[in-house]
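The following exercises are to be worked with the sequence and the structure at hand. Each task is followed by a solution in steps.

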Amino acid sequence: MDIILVTTVIASLFLVIGAAEPLAERLRLPYTVILALLGVLIATGATFFLRTELTDALNPVAEAILGLPIRSDFFLYVFLPTLLFQATLGMNLRRMLDDWVPILVLAVVAVVVSTVSVGYALSWASALPLAACLLVGAIVSTTDPSAVVSIFRSLSAPRRLARIIEGESLLNDAAAIALFSLFMAFVRLGAPSPTLSEALGRFPLLIAGGVLAGWVSARLAVWTMGLFARHERAQISTSIALPYLAYIIAEQSVGASGVIAVVTAGLTLNLTGPGRLPPQAWASLQEVWDLLAHWAGALIFILAALLIPRLLEEVRLSDYALIGVVILAAIAARALILFALMPLLTALRASPVVVWRYRVAILWGGLRGAVTLALALAVTESIFVPVEVKRVVGILATGFTLFTLIVQGATLRPVIAWLGLDRLSPIDEALSRQVVAVALQTVREDVARTTENYNLTHEIVRSEAKRFGERLDFAIETAEASADILDRDRITLGLIALAGHERDTILARVRERTISSRMADRVLMDADQLIEGARTGGRSGYQRAARRSVAYGAAFQAGVALQRRLGMSRPLARMTADRFELLLSQRLILRDLGAFIDGRIRRIHGRRVADLLHEVLSRRVEAMDSALEGLRLQYPGYAEELERRFIRRTALRLEEREYNSIREDGLIGAEVYAALLQDVVARRATAEDRPRLDLAIQRAVLVRQFPLFKDLDDGALTRLARALLTVYVNAGSVIVPRNSPADRVYFIASGAVELDSLGQTLRLGRGEMFGQLAVLSRKSRRGEVRAIAPSTLLVLDETRFRRLLARSAALQDAVRKSAEQRGIDPDVLFQDPKRT
């Protein structure tokens, strides 16, 4: 085929891609539906001109279009890795991990249910073998969530809901293609028909092999990128190679699922990349992949649509009935997941509450597209599949895809409107009117200042001011007429706005490199949790999310267990350093939020709401300062090192900004500017390195700071530091339950606890101890001890405590004083236990 003609056709397809997006917006149809329809029209037109006798002038173009080398391998090895890899890079993975249960259950269970439902329904309605029917079920189980997700985002649907749909669709495709590879082996000529248990038994092996291949490939790619630290294009080029090599290695060398390998590689790079690459390099990498995925997604729809006339050439009347069976079975399977499994997950608190309207929209928005057609094409191309099976599979997959694109896709927005999801809630409607009134008042003030500065014609200014004043008066009247928003709702809306501004501030600080890329995802995740907490639970939900942001997580507790039981201190040291930096970054952000409350929220929601938000914010600042102070006391000197690092990075940012300003003013040339910038980059690489935290040294320093141990010599302090165990507890956690054995004593390194015994309540803070009275009296604990703030405790067993007590006069005085406060005779406690 003439290369010039092929190049012309491909270039024309990019013109079609460019025109499809504005056309979809104008027609209010999903973008993928427009691409598929354009592809069908192009293929139909090319077929018509090639076979018609009206003219032969367009025959070369028609032949070039129909003769494009469109094969299933082209889709699976070129386009599919691009789409899957970009989807994983664009995910907020840390937030998605919070919802891994509903995502994984919906993805895997939905694929299995859909495959089995379609397979057995088709087996009952046709003469096809069960393996072929299950193969069709796997092919039609892939979904394209882009249409419904884009609509949900435009409707301000809950972010968590959109995130679950995106994650479910990604793993849905991976699981469906893995099942496709599994059943494909059973439809080959001469292969026995499988049992369901035999087929599904091999499924975990495909998954595990793909996960291993993807993880190893991604770790090698990240290591390679680290070698190219100052070469952004080299790092991006390495990322381009990663998904394709991972796919090929998994499929050809390991014999596992290439799709799972690509997804795993993308998730691994998503987790590790931001901490290893400079922020600008990571942003550029994501922009490149966004563009590649946009082109790949558009081309795969158009090229797959070009195949539709070819796949439907041999359709028979009986095939339409089978297409109807596939449609009904697939919709019924998805309805079962949405209306039976999802409510069950909600009842178990593993999934957010999804009202029935959203579930209907998800059901009707489950479009199929290019992946389904590509898998069907792979079946029709295989020489090992019986001819009749190839024909039926191609027709059923194509017919079902056309139904979802033309019928469901074209009616999705009307269905959304019928469900009432395209209208603002009464609260949002009233809020929008008040926002308009406040914004117009600000605009009027700014316009007045602008007209004075430019000395415009007085008559024109007056006429425009009158016109604008009429609009402002109408906006104020409308806002006053709808000013019936409850204070509770105003507080919720204010908290959502405050958390949203916090997120925007974080992004600005990351761009300025005030916050490191290592911490960016963590801080953004906390801001997203604040937004969702306020949306779902109002003030209490916001405060719960705020408490979680300073609490010790499950990973931190696992690090403590590794250090305590196996002596592995490196994970705990890394997570402690992360906690230090995270708290410093959050404190930096919180200091800037008060001005936003006074400048924006007060004007929209009033003084009372603003004062309450100030109170909520001050509590967050207190909790943050308390947690940070606890770490400062526990690891003295390390916080100072982080603060020095912050100052150096800030100075470098300001220095770079100054060089940019001088360059823009033309005071220095390109050569001098490049030399100065290179020096800044080199010093920034040094400033990015975080100081190392040595837990053993820091614990010894901490023990020396306890007033209770002030009379111990250095050797005794060193031995004591080795003997003490560190325990981290969150606010509200029970440290010592009632009637528990008295076998250890607790020293408070940071935080605070509350003792509740026999109706008496006592609060203790840093430097104090508890449990000593029960140990010395040799009685079970009658009270309960609960943490009232995130606390760090040092624990000593009974035997070592008694030895320490015998040597330390300061500790003996502290025990006597605590006994007297509780009304206990101290002399009784210091009697020899053998005599008693």
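**Exercise 1: An antiparallel pair and its sheet**

Strand 4 (residues 753–757) and strand 7 (residues 784–787) pair in the antiparallel sense over 4 bridges. The model is predicted: local features need pLDDT of at least 70, side-chain atom pairs count only at pLDDT 80 or more, and totals for chains, interfaces and linings use all residues. Residues are numbered from 1 along each chain as its sequence is written, and side-chain values use heavy atoms, with hydrogens and water left out.

Task: Determine which residue is the bridge partner of Leu755, and state in what order the 4 strands form the open sheet.

Solution. 
1. Strands (E, at least two residues) and helices (H or I, at least four) are DSSP runs numbered from the N terminus; two strands pair if DSSP finds at least two bridges between them.
2. The bridge partner of Leu755 is Val785, in strand 7.
3. The order in the open sheet is 2-7-4-5, with antiparallel pairing.
4. Strand 2 (734–736) and strand 5 (760–764) are the edge strands, each pairing on one side only.
5. From one strand to the next the twist averages 30° (axes are lines fitted to C-alpha atoms, for helices over the stretch in contact; angles run from 0 to 180 degrees between N-to-C directions).

**Exercise 2: The surroundings of strand 8**

Task: Identify the residues of strand 8 that stand opposite Ile748 and Val729, and explain why strand 8 counts as largely enclosed.

Solution. 
1. Strand 3 (residues 744–750) runs antiparallel to strand 8 and is joined to it by 6 bridges; here Ile748 stands opposite Leu793.
2. Strand 1 (residues 725–729) also pairs with strand 8 in the antiparallel sense, over 5 bridges, and Val729 has Ser791 as its bridge partner.
3. Strand 8 (residues 791–797) is largely enclosed by the rest of the structure because 6 of its 7 residues are buried (under 20% relative accessible area; exposed means over 50%, partly exposed in between, with a 1.4 Å probe and protein chains only).
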